[in-house]
Amino acid sequence: IATATYLMLLWGDTKPSFVDMGCGNGLLVHVLNSEGYSGVGLDVRSRKMWAQYPQSTVLKVLCVI
């Protein structure tokens, strides 16, 4: 939650898009998506927690080499 708050204060009135590489449980992506920021979370495997988030929380399994 602290990271999401920091980013929202840093970005101010702008609404940049973001990519969270190595998003883990996806909480940061969920909070930012819920606040109107467009972005996606990437990780090498899905987590059970991901099923609890609404469709508006964009989480994807992807290996970046």
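These legends describe close-up views of a predicted model.

Local features need pLDDT of at least 70, and side-chain atom pairs count only at pLDDT 80 or more, while totals for chains, interfaces and linings use all residues. Residues are numbered from 1 along each chain as its sequence is written, and side-chain values use heavy atoms, leaving out hydrogens and water.

**View 1. The open sheet has three strands.** The order is β1-β2-β3, and the pairing is parallel. Strands are DSSP runs (E, at least two residues), and helices are runs of H or I (at least four residues), numbered from the N terminus. Two strands pair if DSSP finds at least two bridges between them. β1 (18–21) and β3 (59–61) stand at the edges. Each has a single partner strand, so one side of each lacks a neighbour in the sheet. Neighbouring strands are turned by 25° against each other on average, direction ignored.

**View 2. β2 pairs with β3.** Three bridges join them in the parallel sense. G41 has L59 of β3 as its bridge partner.

**View 3. Helix α2 lies across β1, β2 and β3.** The helix covers residues 27–34 and runs at about 165° to β1. Axes are lines fitted to C-alpha atoms, for helices over the stretch in contact (heavy atoms within 4.5 Å). Angles run from 0 to 180 degrees between N-to-C directions.

**View 4. D43 sits in strand β2 (residues 39–43).** Leaving aside residues up to four places away in sequence, D43 touches G22, C23, G24, W50, K60, V61 and L62.
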